[in-house]
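Visitor: Could we walk through this one together? I'd like to start with the overall picture and then jump around a bit.
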Amino acid sequence: MRILKNKINYLLMLFVIAAGFSSCVKDEFDAPVTANVDPAGIAATHTIAQVQSMAVANVPTPITTDIVISGVIIADDESGSIYKEIIISDSTGGISIQVDVSNFNTNYPMGRRVFVKCKGLYVMKDADGNYEIGFQNGADIARIPQTLYEQYVIKGMWGLTVTPTVISLGALNSVKTNTLVQINNCEFIQANAGVTYADAPNLRFKNLTIKDCANNDIILYTSGYAKFASDTTPTGNGTIIAVYKRYSGDGELILRNTSDVRMDSTRCNGNTGNAVLMPIDSLRMLHTGTTTFAPADKKIKGIVISDISTAHINSRNVVIQDGTAGILVRFEFGASNIFFLGDEIEVIVSGLELSEFNGLLQVNNVPLANAVKVGTGTITPRVATVAQILSNAEAWESTLVQIQNATISGSGSTYSGSRTVTDVSGSMVMFTSSSATFSAQTYPVTPVTITSIVSQYNIPTPPGYQLSLRNPALDVQ
Amino acid sequence: MSAIRKLILPLLFIIPCLSMAQTATLKGVVHDEAGIPVENAKIEIRPSGVFTTSDSSGSFSIFNVPYGKTEVNISGEAFNAQLISIDITQPEVNLDIQTTDRLFESAKAASDNIPVITLSDDDLREGSAGGVSSVLSASRDAFTSATSFVFSAARFRIRGYEDENFLTLMNGIPMNDIVSGRNLYSSFSGLNDVVRSREYSQGLAPATYSYGSIGGVYHIDSRASRQRKQFQTSYAHSNRSYDNRFMITYGSGISNSGWSYALSYSRRWADEGFVKGTFYDGHSYFASVEKIINSKHSLALTAFGASTKNGRSAPAVLEILDLAGTNYYNPYWGYQNGKKRNANVGHGHQPIAILTHDWKVSDRSSLLTAASFQTGSYKVSGLDWYNAEDPRPDYYRRLPSYDPFFGENPEAYAALSAEVAAALRSNEALRQIQWDKLYEANQINDTTFNGTSGKWAKYVVADRVTDNRRINFNSTYSSIINDNLQFNGGLTVQNEVSEYYKEVKDLMGADFFTDLNQFADLSNSANKDVLQNNLDNPNRILKEGDRYSYNYAAHVNHAAVWGQGVWKYNRMDYFAGVQLSNTSFYRSGKYRNGVFPNNSLGDSDTESFFNYSLKGGATYKHNGRNYFFANAAYLTRAPLFENAFVSPRTRDFIANDLKSESIYSVEGGYLLRAPRVKAKAVAYYTRFNDGTETKSFYHGDFRTFVNYTITQIDKRHAGFELAAEVNAGKGITLSAVAAIGEHIYSDRPLATITQDNKDTLLASNEIVFAKNLHVAGGPQSAYTFGINYRSKKFWFVNVNFNYFNNLYIDFNPSRRTYNALDLVEAGTAKWNEILSQERTDGQFTMDASAGWSWRLNNKFRDLKKQTFIVFNLGVSNLLNNEDMITSGFEQLRFDADTKDVNRFAPKYYYGYGTTFFASITFRMN
């Protein structure tokens, strides 16, 4: 009996111990694998074009029947250039699905086919002809909330390639909005070559211009939030693939990523687009007596010493000076100078005309886009006597000089026209255009210090070296 | 007996007679109803407080007991305490004391109700959130018993104090983490059977093994010699944080050669606990061996550990609780291949070995010295992602309350919101983590990064790890200087190194992950360094098991020396104590952070604090029954490492003007210890000044972690603790406990706010208008009334009626600043709404428990050992009150534009509904 009871005790204990160890709490999980197939039981009933035809301008149209459209995602928000819109296209057109989701590319990346269950959504066309689908917010399309969008936009196969449609910038009206396009043989305009895509430090967008060799152009819009915003645009000619939209009556491109841009061939004007800086005196030396043309891929940089605000020279002209010399830059017909006294500007002179206008050397017919402000600076005028100026006039042409202890004299008491500046060494002409703001101002008769630009006008009397005053308030002391 | 002894013994009788009063010797034997001797019973003379313990034959002797009426209290952990009134008139008095078994495993002690939840996603701390772990209920005192079980269901904090203010020692070693200040209850979680021998000093009362702390000190003695000689095994079933518990314990008792050993093993598990998505898997083990070398020396080696893995839950906003249809919504889990998977799994294992040397220097003094070594880690996993859609299911933008039109289009918003609400309400998977979708995102992301091709993970599960190593040394000297004075003193040295880092746990089907700062501010494109967490190893490809994101270590050293004297006289007891300590710490960074390249790698300066404490008190013993006492303490305390550094993950910047906190506390009251009535009425008043705290959270607008460092925190805790326990006769005991407190911030702290992805100050020493706001942390008022019936046939039933009130939601400091109130007119409803602090409704609950013990020897007469089977059943929250908020906090984000306090609504934790705990124990001794 005792033995039996001890055995029972023993067995009881064993049982209890076994019960303790038997149960295990599971911690390993099976990794689910999604098959790369389109979902069963759902298929497109309409093309994107058919749904687009249901849309009217600026009024969201509700879709009340079981319409399903299907397309491949042509752009996602991975680079940040696109925000909260899944752009899909099929062979008939493209549409933007408005979703309130950041980083939707996590599950809805470029190259994935989706099926959109349109029932309950609204479709609308904006004034520019871009189509959107989403919820409704008054007269606008609202974004589908994050919790719901996966129920409307059903995921399909991924890893599909979308072939862009090759278009020509001269024939944009036929291009469908929200589709992927490719433009060949195009380049960023000179002023937009080698600049950043957008303003990243201030999170501001940029509109850059791309043109073809027939001078048709299109805007490239880049958001300040794009990851590539601080990358610089290529300077050559080549291909761009982007999403086509319309904005304010014009075509507009949105870049998905900088890998979609390949522009490293020679530009339309024969340059590579990478202009090299040359000193102004070297440029001047290229003119040996007759009109000549500046070589390819060259630019000059100087500080503006003419004053736009006093209109003392022609509105198409600006005078710049660097450490070596100065020169007059004359912009092309229809363009006016936009640069201020003290601006430091770079001017691409590749292939442009170097000629003399009545003895004054100029770079002629410069496209305004070739000139860009790169900073500010001041030029210290060279202190010289009239005699020194006259003997060095060619070398010192278009630079700033200062004559001390000189008197102004002339047939009239105002600045307008030709006047004489006399110092101990001699005298020379100072000419002020009647269009200058100070032309009617009376000049002082006592000895003064005069700062001015050395200029030339060889009619009627060569050589015709003269001084060009910018603003007596600063120049005549 | 030798001749010398024959001479000495009568002399021993004469010597006491030479003193003024006549004294006697009190002797006796303590045994249970079966006649089996009871060892380690405590026999205490009241009011003098002189006591002794019974030996292995149950015998005891107390000398020099004054003649006259006195009271003797006999207590022990295995039986019910008795208070006997006797009149001593002869030189030798013999007592025969028969004990009645306290039914072990009353539902209170059995259920170790340690909550396994923490307050925020970032909160890695372990251990109880506040107050004392219920495993340690030393239920002699009705108040302590109530606070550790009944009140713990509401997460009540004794006197509103943080856990840092309570000290726990095990076998002479302080069991606290000196980096976070918390007690390491988790180190012995599940080992209920072996931690039964314990002493608790409440509040400022003097303790024998430690200087203590203002809240109280627990000393647990789990050495082998203290373990009962018995074999015990039990199984319990429950529906709280775990469903099943199995325990087995063996104590050998002390052999003739002085050896004793004890072993215990406990296993607790649940596939799913009370809250959906939580699981529990815990193993705890314990071994102790002790050799009593001779009558002076004993040496014990104890080693134990608890390896616990559990799926956690998080508090949530009311909106999603409503959509989910339950207060126990858990955003941390989701379905994967049809099975529930929890993203936030905690795993802790920190085994410890303690060597304890007990030296009876003389028969009046002893020296207890202990040294310990503890190592291990605690990790919490969570989803991590890079450049991906936020996977959190309760992310505020996914909820119907999110208005994308910002109030400008109420009609369109109403339609959209209704559809979102309907979708969330009807589809559970949509309210939880969508694992399948996350795996798919990883699967389709085939790409090349830094020369590696393959699937670049968008989502991973990553562990936030803390590796700890603690070395402690503690030596306590106790000496009975004379009949009235006992001196205790000691030296404590603690060293802790905690290393923190993140580790990739599960690539979720992808081939690699990357060590890049997903919150990097890239607007200044020139500085791409900010993307790097580890500049010396940039763009690193990560595989499972690789460390990344941050890696630093906290080195903390603490040393203290203390002394305390306790004077006991007939009518008055006094004590006075002093402690001097030094705490120093520094941060050792292992990664050069890209945002703070000059302040992250390497060792920081060492911060060092010298602190001191004084305490003292007096007790007036009116007679053996009525005691009046008053105690006071003043101390300074070094700031904690984790509060001193603004953002230790990224840099070594310290809080402004870092200094020690100063605390003073007074308590006083009345105690009644009569045979049938025990009562206490205590008042307390504590002030904390110049505290420092750091909180971090993810801020969606700044897209990075934001850190709040709050300094000059002043708090005032005041209240009453009332308890009464009445033996109404016929086995019925009635008890009533009330803890009524008001714990507030007594002044305006300052807040400095920094962000982790930029070296800028968002706010510096900004005034926080927190004066008179309440300290959060459990109900500030708690009441219980209990009826207990104990039958002579060894069964009992117990019912408790409880009421909790005055629980306040933790406030967001940035909502109480000039900035937040800008443009709001003072005194308006909006002004009050922004400044006020939410108080939850009072809650009523009911608990019941019952137990029965069956002594098998009664039926099976030939069983050699005492054999018992004990049944216990406890039901908590019988009325299924599911509306009891146990804690809540305002989110640390405040929408300064709309000033809408509900835009980032507060999050709440709710107490469990009806839960039960049923156990069956088999014991042989």
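Guide: What follows is a short talk through a predicted model, going from chain B to its cavities and sheets and then to chain A.

Visitor: Okay, chain B to begin with: how many helices and strands are there in it?
Guide: Chain B has 10 helices and 47 strands. Its radius of gyration is 30 Å, close to the 29 Å that the globule rule gives for 925 residues, so chain B is as compact as a globular protein of that length.

Visitor: What box do its C-alpha atoms fill, and what share of the residues is buried?
Guide: Taken along the principal axes, the C-alpha atoms of chain B fill a box of roughly 100 × 60 × 60 Å. As for burial, 59% of the 925 residues of chain B count as buried.

Visitor: Now the voids. How many cavities of 30 Å³ or more does the structure hold?
Guide: There are 16 cavities of 30 Å³ or more in the structure, and the largest cavity contains about 740 Å³ of space.

Visitor: Which residues lie nearest the centre of that largest cavity?
Guide: Those nearest the centre are Leu167(B), Asn176(B), His558(B), Gln579(B) and Arg637(B), out of 42 residues that line the largest cavity. By class, the lining is made up of 21 nonpolar, 17 polar and four charged residues.

Visitor: And which strand gives the most to that lining?
Guide: That is E31(B), which gives five residues to the lining of the largest cavity. Several strands of chain B each supply at least two lining residues, among them strand E8 (166-170), strand E30 (547-568) and strand E34 (626-637).

Visitor: E8 again, then. What is the strand order in the four-stranded open sheet that has E8 of chain B in it?
Guide: The order is E9-E8-E11-E10 (chain B), and the pairing in this open sheet is mixed. Strand E9 (173-174) and strand E10 (198-202) of chain B stand at the edges with a single partner strand each, so one side of each has no neighbour in the sheet. E10(B) runs antiparallel to strand E11 (residues 216-220) of chain B and is joined to it by five bridges, and the bridge partner of Tyr200(B) in E11(B) is Tyr218(B).

Visitor: What about the open sheet with the order E3-E2-E5-E6 in chain B, how is that paired?
Guide: That open sheet of four strands has antiparallel pairing. Its edges are strand E3 (51-53) and strand E6 (79-88) of chain B, each with a single partner strand, so one side of each is left without a neighbour in the sheet. On average, neighbouring strands of this sheet are turned by 20° against each other, direction ignored. Strand E2 (residues 42-46) and strand E5 (residues 68-76) of chain B are joined by five bridges, and Ile43(B) has Ile74(B) as its bridge partner in E5(B).

Visitor: Switching to a helix: why is H3 of chain B largely enclosed by the rest of the structure?
Guide: Nine of the nine residues of helix H3 (residues 142-150) of chain B are buried, so the helix is largely enclosed. The buried residues include Phe143(B), Phe149(B) and Val150(B).

Visitor: Over to chain A. How many residues of strand E15 are buried?
Guide: Four of the five residues of strand E15 (residues 250-254) of chain A are buried, which leaves the strand mostly covered. Strand E13 (residues 217-222) of chain A runs parallel to E15(A), with three bridges between them, while strand E14 (residues 237-247) of chain A runs antiparallel to E15(A), with five bridges.

Visitor: Which residues pair with Glu252(A)?
Guide: Glu252(A) is the bridge partner of Ile219(A), and Lys245(A) also stands opposite Glu252(A). E14(A) and E15(A) form a hairpin with two residues between them, and Ser248(A) in the turn has a positive phi of about 50°.

Notes:
Residues numbered from 1 in each chain as written. Chains lettered and ligands numbered in written order. Predicted model: local features only at pLDDT ≥ 70, side-chain atom pairs only at ≥ 80, totals over all residues. Heavy atoms only, no water. 1 Å grid on protein atoms, 1.4 Å probe; cavity = no way out; pocket = protein on both sides within 12 Å on 5 of 7 lines; lining within 4 Å. Points joined across faces, edges and corners; volume = space filled by probe spheres on them. Nonpolar A, V, L, I, M, F, W, Y, C, P; charged D, E, K, R; others polar. Pairing = 2+ DSSP bridges. Axes fitted to C-alpha atoms, helices over the stretch in contact; angles between N-to-C directions. Buried < 20%, exposed > 50% of the residue type's maximum accessible area, 1.4 Å probe, protein only. Rg over C-alpha atoms; globule rule 2.2 N^0.38 Å.
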